[in-house]
Amino acid sequence: MRIIDTQRSGNCWKVRLLASFVGIDLQRTTLSIDRGDLQSASFLAHAPMKRVPVLELDDGRMLS
């Protein structure tokens, strides 16, 4: 599973914390709010609401 997150998001931290408690390994892709990464076309394709975290499941589905 992969998580798309930001450094400063408390909600992203909660997802990473829960995953570690239950033993789920997450590949992490960290975006920068300051650089405008949440406005990029590639991110908006995964999360049209412009919110993190976004989880990419092993079957390719995205949960935001």
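Helices (H or I, at least four residues) and strands (E, at least two) are DSSP runs, numbered from the N terminus.

Quick caveat: this is a predicted model, so local features need pLDDT of at least 70 and side-chain atom pairs count only at pLDDT 80 or more, while totals for chains, interfaces and linings use all residues. Numbering runs from 1 along each chain as its sequence is written, and side-chain values use heavy atoms, with hydrogens and water left out.

Now the sheet. It's open, four strands, order β2-β1-β3-β4, with mixed pairing; two strands pair if DSSP finds at least two bridges between them. β2 (27-31) and β4 (62-63) sit at the edges with a single partner strand each, so one side of each has no neighbour in the sheet. Helix α1, residues 10-22, packs on the sheet and touches β1, β2 and β3, contact being heavy atoms within 4.5 Å. Its direction is at about 150 degrees to that of β1; axes are lines fitted to C-alpha atoms, for helices over the stretch in contact, with angles from 0 to 180 degrees between N-to-C directions.

So how does β1 pair up? With β2 it runs parallel, through five bridges, and Asp 5 has Thr 30 as its bridge partner in β2. With β3 (residues 54-56), β1 (residues 2-6) runs antiparallel, joined by three bridges; Ile 3 is opposite Leu 55 there.

Last stop, Gln 39, in the loop between β2 and α2 (41-46). Setting aside neighbours within four places in sequence, Gln 39 contacts Leu 44 and Lys 50. The C-alpha atoms of Gln 39 and Lys 50 are 7.1 Å apart, with the two residues eleven apart along the chain.
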